[in-house]
Amino acid sequence: MACATVAASLCFNSPALMAADELTDIAPASPSATMMTPVKQSAENIRNLFTNVRQYLGIRYRFGGDTPSGFDCSGFVRFMFNKELDVNLPRSSREMASIGAKVDRSELRPGDLVFFTNGKNRINHVGIFIGNDTFVHSSLSKGITRDTLNESYYSKRFATGVRILDVQDNHLPDDLNNLIEETIDNDAAS
């Protein structure tokens, strides 16, 4: 019991753990790391995720932040998945990259997580793929925003995609694609 209390204290209070995204290597895929089975979700749940992500666009970046008063990249992803999908993700981008099913860039679907390196084979950034080569994330300079995987900076640093969600019915409805386009258009107009 004492070990669990100490471990919980370290997890919630350690500045080093809060800064883990800055210093993590890409973990090799091990059978135990990828054992998380994608979580079944309805297309309606995914639709709600993208509808509600819009209210956070523009919120400032805050190192170690995981609330609407400021988010870092993994804090934002973790907050959205927990709030909208009731899925608890690990705190750091490295840990997130080691769970779920690896997905090639060409196979990404809305709701997949996208990971980036710092150029030294270290995962240091995560976002949520929304379709059309676009993802939402917490950017150091712009806060919660959307960017495309085709932008030079992100294209060079793309590491992997991970599928955490298993959308029931194996497809997303056309109106979700419209919702994604509206999210992109509304963000561009802001």
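A: D112 counts as buried, because its relative accessibility is 2% (buried is under 20% relative accessible area, exposed over 50%, partly exposed in between, with a 1.4 Å probe and protein chains only). The model is predicted: local features need pLDDT of at least 70, side-chain atom pairs count only at pLDDT 80 or more, and totals for chains, interfaces and linings use all residues. Residues are numbered from 1 along each chain as its sequence is written, and side-chain values use heavy atoms, with hydrogens and water left out.

D112 sits in the loop between β4 (101–103) and β5 (113–117). Strands here are DSSP runs of E, at least two residues; helices are runs of H or I, at least four; both are numbered from the N terminus. The side chain of D112 makes a polar contact of 2.8 Å with the side chain of R163. Such a contact is a pair of N or O atoms within 3.5 Å; within protein, one must be able to donate a hydrogen and the other to accept it, and residues adjacent in sequence count only if both atoms are side-chain atoms. Beyond its neighbours within four places in sequence, D112 is in contact with V103, E107, G127, I128, F129, V162 and R163. Contact means heavy atoms within 4.5 Å.

Several of these partners lead to the cores. A nonpolar core is a set of buried Ala, Val, Leu, Ile, Met, Phe, Trp, Tyr and Cys residues joined through side-chain atoms within 4.5 Å. The largest has 31 residues, and I128 is among those with the most contacts inside it, as is L113. α4 (73–85) is one of the elements giving two or more residues to this core. Its share, seven residues, is the largest. Another core, of nine residues, lies apart from it and includes V103 and F129. L113 touches G127, I128 and V162, among others.

D133 lies between β6 (123–131) and β7 (134–139). D133 counts as partly exposed, because its relative accessibility is 23%. Its side chain makes a polar contact of 3.0 Å with the side chain of N150. Leaving out residues up to four places away in sequence, D133 touches R105, D147, T148, L149 and N150.

Now the whole chain. There are seven helices and ten strands. Of its 190 residues, 45% count as buried. Among contacts between residues at least 6 apart in sequence, 63% join residues at least 24 apart.
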